[in-house]
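This report describes selected features of a single protein model. It considers strand pairing and then contacts between aromatic rings.

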Amino acid sequence: MTATGTVAEGAFGEVGLEVAGMPEGITVGVAVPPLGSSTALRDAGAELTFGDFANQTEYQNVAIELNKLAAADVYSDLDLTTMIGSEITVVGGTTWASKTGGEVTHVTIVPVSIEVG
């Protein structure tokens with residue numbers, strides 16, 4: 001996913017991203033390190049499947065290692081928490097939260113690149 005927007009206050013390990021044109025009721029956030037055990041980057045690629053690994057632990061470890069690599073690369077000299085009000089373009093894998101009825105209410109982008117300005 002690619003999104004351009006304005007960095008806003010966030011919570012729970014992410015900053016908010018105000019993106020013009022988002023449907024009513026859907027918010028966007030950008031994950032900030034530590035990226036933890038999110039599987040967004042692993043699952044966004046077509047190269048890996050669960051069957052490629054001996055067990056769930058090995059499969060999950062791939063997600064964790066991809067997150068560590070992305071955080072080191074993307075955030076080596078960038079701290080989004082200090083950039084409230086700045087415009088950025090983010091490319092990355094996504095996860096989402098939904099209401100009980102299944103409607104998406106929040107999208108989190110786990111970045112592989114961030115361009116400022």
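The model is predicted. Strand β2 (residues 14-18) runs antiparallel to β3 and is joined to it by 3 bridges. Within this pairing, valine 15 has valine 30 of β3 as its bridge partner. Strand β5 (residues 104-116) runs parallel to β3, with 4 bridges between them. Here the bridge partner of valine 28 is valine 107 in β5.

Turning to the aromatic side chains, the whole structure contains 2 aromatic pairs. Their geometry is given below.

| Pair | Centre to centre | Angle between planes | Class |
|---|---|---|---|
| Phenylalanine 50 and tyrosine 59 | 5.5 Å | 80° | edge-to-face |
| Phenylalanine 53 and tyrosine 59 | 5.5 Å | 45° | tilted |

The phenylalanine 53 and tyrosine 59 pair counts as tilted because its planes meet at 45°, an angle that is neither under 30 degrees (stacked) nor over 60 (edge-to-face). Through these ring pairs, Phe50, Phe53 and Tyr59 are linked into a cluster.

Is tyrosine 59 buried or exposed? Tyrosine 59 has a relative accessibility of 11% and therefore counts as buried, the cut-off being under 20%. Phenylalanine 50, at 42% relative accessibility, counts as partly exposed. Tyrosine 59 also has a charged neighbour: arginine 42 lies over the face of its ring, 3.6 Å from the ring centre.

Technical notes. Residues are numbered from 1 along each chain as its sequence is written. This is a predicted model: local features need pLDDT of at least 70, side-chain atom pairs count only at pLDDT 80 or more; totals for chains, interfaces and linings use all residues. Side-chain values use heavy atoms; hydrogens and water are left out. Two strands pair if DSSP finds at least two bridges between them. Helices (H or I, at least four residues) and strands (E, at least two) are DSSP runs, numbered from the N terminus. Rings of Phe, Tyr and Trp (its six-membered ring) pair if their centres lie within 6.5 Å; planes under 30 degrees apart count as stacked, over 60 as edge-to-face and the rest as tilted. Buried means under 20% relative accessible area, exposed over 50%, partly exposed in between (1.4 Å probe, protein chains only). A charge sits over a ring if NZ of Lys or CZ of Arg is within 6 Å of the ring centre and within 35 degrees of the ring normal.
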